[in-house]
Each structure stands twice: as C-alpha cells, then as structure tokens.
Amino acid sequence: MSTCVFVQLRCRPGKTYEVAEEIVLRELHSELYSTSGEFDLLLKLYIPKDEDIGKFINDRLLDVPGIERSLTTLTFNAF
C-alpha cells in the first residue's frame with residue numbers, strides 16, 4: 001500500500017522547466033503539472049506506507065536545484 005500525496009512547488013524565476021526535467025528523470029511522481037498562481041508545479045506522488053512522508057519528500061525531491069518553496073497536501077481514505 002501507499003499514501004497519495006500532492007506537492008506544489010514554487011521555483012526560482014526561470015527555473016521551472018529545469019526543475020520539471022529533473023523531477024521527470026527521478027521518476028518519483030505519478031503525475032506532474034505546470035500550474036498558475038503562487039506555485040509553478042504540482043506533483044502527485046505515491047509514497048510507500050513504510051516510508052516517512054516528510055523524509056521521503058525532503059531527501060528525494062526537495063534537493064532538486066531551483067526549488068524555492070513547497071506545499072505538501074496529504075490525502076486520507078475517507079470513503
């Protein structure tokens with residue numbers, strides 16, 4: 001089993017495409033979108049149940065050069 005997590009990323013000006021390319025190469029996401037508004041990218045990730053979500057994101061995603069800020073939204077099986 002895994003936990004579905006959405007991560008929004010704000011990139012440094014002019015770095016969004018470079019950040020997106022690096023994320024694609026890491027093959028962490030199930031979906032990746034460019035967005036308008038406060039954040040530049042939106043990722044959908046499935047994190048294995050035995051992994052610490054914060055550590056997984058910090059160690060495998062947030063070290064991508066060009067990321068300025070992130071916002072993580074956890075999901076829950078309510079239905």
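**Reading a predicted sheet and its helices**

Me: Which residue in S3 stands opposite Gln-8?

Reply: Leu-42 in S3 stands opposite Gln-8. The model is predicted: local features need pLDDT of at least 70, side-chain atom pairs count only at pLDDT 80 or more, and totals for chains, interfaces and linings use all residues. Residues are numbered from 1 along each chain as its sequence is written, and side-chain values use heavy atoms, with hydrogens and water left out.

Me: How many bridges join strand S1 to S3?

Reply: Strands (E, at least two residues) and helices (H or I, at least four) are DSSP runs, numbered from the N terminus. Two strands pair if DSSP finds at least two bridges between them. Here S1 (residues 2-11) and S3 run antiparallel and are joined by eight bridges.

Me: What is the order of strands in the open sheet?

Reply: The four strands are ordered S2-S3-S1-S4, with antiparallel pairing. S2 and strand S4 (67-74) are at the edges with a single partner strand each, so one side of each has no neighbour in the sheet. Neighbouring strands are turned by 25° against each other on average, direction ignored. For such angles, axes are lines fitted to C-alpha atoms, for helices over the stretch in contact, and the values run from 0 to 180 degrees between N-to-C directions. Helix H2 (residues 53-60) packs on this sheet and touches S1, S3 and S4, its direction making about 125° with that of S3.

Me: Is Ser-30 buried, partly exposed or exposed?

Reply: Buried means under 20% relative accessible area, exposed over 50%, and partly exposed in between (1.4 Å probe, protein chains only). Ser-30 lies in strand S2 (residues 29-34) and is partly exposed, at 40%. Its C-alpha atom is separated by 5.6 Å from that of Leu-45, 15 residues apart along the chain.

Me: Which residues does Ser-30 touch, not counting those up to four places away in sequence?

Reply: Contact means heavy atoms within 4.5 Å. On that basis Ser-30 touches Lys-44 and Tyr-46. Lys-44 is in strand S3 (residues 41-48) and counts as buried, at 18% relative accessibility. Beyond its neighbours within four places in sequence, Lys-44 is in contact with Cys-4, Val-5, Phe-6, His-29, Ser-30 and Glu-31.

Me: With which side chain does that of Lys-44 make a polar contact?

Reply: A polar contact is a pair of N or O atoms within 3.5 Å; within protein, one must be able to donate a hydrogen and the other to accept it, and residues adjacent in sequence count only if both atoms are side-chain atoms. The partner of Lys-44 is the side chain of Tyr-46, at 3.2 Å.

Me: Which residues of helix H1 are buried?

Reply: In H1 (residues 16-26) they are Val-19, Ala-20 and Ile-23. They cover an arc of only 100° around the axis, so they are on the same side of H1; the arc is that of the directions from the helix axis to the C-beta atoms. S1, S2, S3 and S4 are among what covers the buried residues of H1. The face turned away from the buried side carries the exposed residues Tyr-17, Glu-21 and Leu-25. Just after H1, Glu-27 has a positive phi of about 55°.
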